[in-house]
Amino acid sequence: MPEELYFKLSKRIAPIVAIADEGYNLHTQNQTNTGNHGFDPTNVTAMRTIFMARGPDFKPNASLKPFRNVDI
């Protein structure tokens, strides 16, 4: 399991994990495709998330370089 996914010590992760390449989907025959999740966010830019913050220590309209939100 890739260390950067933080799955290694979780009891909620199945014994077998598949990570699709961008552009592919993994689903059951009875499942409709209502969204694409589960890609590796370190390799697929579309899987990045938005981080927004507000308060006295944050500059208005500031933009930061991408960072791992698990570090917060």
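Select the lining of the largest pocket, which by class holds 19 nonpolar, 7 polar and 8 charged residues, where Ala, Val, Leu, Ile, Met, Phe, Trp, Tyr, Cys and Pro count as nonpolar, Asp, Glu, Lys and Arg as charged, and the others, Gly among them, as polar. The model is predicted, so local features need pLDDT of at least 70 and side-chain atom pairs count only at pLDDT 80 or more, while totals for chains, interfaces and linings use all residues. Residues are numbered from 1 along each chain as its sequence is written, and side-chain values use heavy atoms, with hydrogens and water left out.

Next, colour Thr49, Ile50, Phe51, Phe67 and Asn69, which are the closest to the centre of the largest pocket among its 34 lining residues.

Move on to Leu5, which is buried at a relative accessible area of 13%. Leaving aside residues up to four places away in sequence, Leu5 touches Ile19, Asp40 and Pro41, contact meaning heavy atoms within 4.5 Å. A C-alpha to C-alpha distance drawn from Leu5 to Pro41 reads 8.5 Å, although the two are 36 residues apart in sequence.

Finish at Asn61, which is exposed at 81% relative accessibility. Phi of Asn61 is near 60°, a positive value in a residue other than glycine. For context, most residues other than glycine have a negative phi.

Methods:
1 Å grid on protein atoms, 1.4 Å probe; cavity = no way out; pocket = protein on both sides within 12 Å on 5 of 7 lines; lining within 4 Å. Buried < 20%, exposed > 50% of the residue type's maximum accessible area, 1.4 Å probe, protein only.
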